[in-house]
Amino acid sequence: MITRTRLAAGACALLAALAAGTAFPAGAVDGEPTGEDAPQVDLVLDVSGSMRTRDIDGGTRMAAAKQAFNEVLDATPEEVRLGIRTLGADYPGDDRKTGCEDTAQLYPVGPLDRTEAKTAVATLSPTGWTPIGPALLKAADDLDGGDGSKRIVLISDGEDTCAPLDPCEVAREIAAKGIGVTIDTLGLVPNTKLRKQLSCIAEATGGTYTSVEHTDELTDKVNQLVDRAADPVVTPVATEGADACAKAPTLKSGLYTDREEFGQQRWYRVDVEPGQELRASVSVGADRAVNPSYGVLLRAVTVHGREIVRGEAAGNGRTDVLSTGLRYPKAESDNDDDAAPAEAVCLQVTHSFSVASGVKTTPGLPLELTVDIVDGPGDSDDVASFGLGRGWWLLGLLVLIGFVAGLLWGWLSRWRFAMWRTN
């Protein structure tokens with residue numbers, strides 16, 4: 001029994017060591033985007049009258065927000081340009097028009113003076129309406145241009161009270177501008193209607209929605225979102241696909257954004273040299289209510305219309321983004337004397353999203369296209385074999401370990417059986 005235990009422990013230790021050896025993270029790749037412009041974050045805080053409610057850790061929602069803001073201001077990275085905007089902080093009356101204009105920049109987006117920002121937050125008192133839509137429009141204007149990441153973090157405990165300016169439509173309008181603003185939302189009340197509205201706002205710009213019920217949760221989530229703004233980002237380049245390959249724009253390696261109408265095709269061209277490999281992927285987002293059962297198709301075809309390869313994906317209404325991709329390696333030229341010309345590959349993007357009657361169909365759905373042209377597989381050890389590539393050596397080693405372990409286990413079992421018969 002002791003011998004068997006030691007053998008098993010030794011085999012487990014060996015397997016663990018092998019697994020650990022393959023789990024070390026790869027080093028950073030040269031040439032990754034670093035985001036030359038400073039990241040910007042605008043914190044938008046609901047200061048409406050309902051923030052007086054005492055249901056967060058025994059205190060008011062406003063007290064929880066102030067405490068969270070103070071801790072976030074202390075932890076904000078130096079490189080982040082942070083600002084604070086309020087909604088419903090100044091007008092206590094009943095006039096709807098005035099109440100729906102009640103949004104103000106409490107602290108401008110820029111280099112952070114922590115003392116000044118904390119002082120400004122300390123003066124806030126729950127007051128008026130909940131003009132989420134107008135506040136988001138103003139917050140987008142608070143963020144200046146540049147290639148750095150731009151993020152709005154909305155914290156609210158109630159639905160917008162200024163319809164028909166639908167905050168979800170406002171978020172879609174901001175996304176359609178192509179300025180790269182992401183809106184994240186945090187709800188302070190586990191309310192179904194609030195969750196739907198804040199989720200819609202976040203999804204329209206690729207952001208996240210989180211429901212928080214405790215002060216520490218609020219602090220941790222806002223800190224996480226501010227830190228995320230400092231991460232390196234790649235800003236998509238706006239392009240406009242054509243309705244035919246012959247008219248399509250020629251793209252190089254990069255990240256591109258476009259919009260595609262319902263029932264429409266978008267075409268793009270990519271030049272692939274002999275010995276190179278084209279890797280392309282596309283994601284289409286449903287930024288409005290769509291019917292279930294939809295799909296996305298990405299095709300690579302020649303200029304004469306012959307299909308080379310395709311990628312496709314289908315959805316059933318459980319996700320708001322659908323993605324697919326393809327790879328096309330261009331073989332090396334057999335003629336070493338004359339340089340072979342590049343091949344023009346046409347990329348066709350088609351989606352089958354549809355909307356119910358009454359839902360706007362313009363602008364089209366946002367799509368994001370990634371194009372990557374790399375050196376194609378050349379040497380035999382670079383070519384994937386049954387999907388394993390260079391992982392063959394690990395598979396062979398694991399097979400050998402399994403064979404040895406099986407022999408030892410069989411020998412041990414026979415020895416124990418012999419001892420049992422003897423006794």
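Which kind of contact do the side chains of Glu 312 and Arg 310 meet in? Select both: they meet in a salt bridge, with 3.9 Å from N to O, the term standing for a side-chain nitrogen of Lys or Arg within 4 Å of a carboxyl oxygen of Asp or Glu. Glu 312 counts as exposed at 54% relative accessibility, whereas Arg 310, at 38%, is partly exposed (buried is under 20% relative accessible area, exposed over 50%, partly exposed in between, with a 1.4 Å probe and protein chains only).

This is a predicted model, in which local features need pLDDT of at least 70 and side-chain atom pairs count only at pLDDT 80 or more, while totals for chains, interfaces and linings use all residues. Residues are numbered from 1 along each chain as its sequence is written, and side-chain values use heavy atoms, leaving out hydrogens and water.

Next, select Arg 114 and Glu 78, whose salt bridge has its closest N and O atoms 2.9 Å apart. Arg 114 lies in helix α4 (residues 114-122) and Glu 78 in the loop between α2 (61-75) and β4 (81-87), so the pair ties together parts that are 36 residues apart in sequence; helices (H or I, at least four residues) and strands (E, at least two) are DSSP runs numbered from the N terminus.

Then move to Glu 277 and Arg 327, which form a salt bridge at 2.9 Å, N to O. This pair links strand β13 (residues 276-285) with strand β16 (residues 321-329), 50 residues apart. Glu 277 is buried at 3% relative accessibility, but Arg 327 is exposed at 51%.
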